[in-house]
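The following briefing accompanies the sequence and the three-dimensional structure. Its points are grouped by topic.

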Amino acid sequence: MDTIDKANADYERWLNGKIKQRQTTPANDITECLDCGEPIGEKRKQAVPYAVRCVACVACQSEFERGK
Ligand SMILES: [Zn+2]
């Protein structure tokens with residue numbers, strides 16, 4: 001296995017870990033936006049404990065859902 005293969009394997013392992021983390025972490029424990037990776041914000045988590053996206057991404061999402 002050369003260096004590039006090893007790097008790819010590491011990356012895939014990391015990626016799989018990330019995906020698994022997202023699938024197994026309860027929404028209440030997610031503190032970073034699933035879309036942009038920015039912190040969701042403590043106040044928002046207190047107001048909406050199951051929020052998994054930051055305010056900005058939720059705004060984008062609702063615009064998208066309105067068919068903009
Ligand atoms: Zn976001």
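A residue is called buried under 20% relative accessible area, exposed over 50%, and partly exposed in between, using a 1.4 Å probe and protein chains only. By this criterion, 13% of the 68 residues of the protein are buried. The model is predicted: local features need pLDDT of at least 70, side-chain atom pairs count only at pLDDT 80 or more, and totals for chains, interfaces and linings use all residues. Residues are numbered from 1 along each chain as its sequence is written, and side-chain values use heavy atoms, without hydrogens and water.

**Fold**
- The protein has three helices and zero strands (DSSP runs of H or I with at least four residues, and of E with at least two, numbered from the N terminus).

**Zinc site**
- The zinc ion has as protein donors the SG atoms of Cys33, Cys36, Cys54 and Cys57, 2.3 Å away (donors are N, O and S atoms within 2.8 Å of the metal, or 3.2 Å for Na, K and Ca; water is not among the atoms, so sites may look incomplete).
- The donor residues follow the spacing C-x2-C-x17-C-x2-C in sequence.
- Cys36 lies in the loop between α1 (3–24) and α2 (42–47), and Cys54 in the loop between α2 and α3 (55–65), so this pair ties together parts 18 residues apart in sequence.
- Cys36 is partly exposed, at 38% relative accessible area, whereas Cys54 is buried, at 8%.

**Helix α1**
- Ile19 belongs to helix α1.
- The relative accessibility of Ile19 is 42%, which places Ile19 in the partly exposed class.
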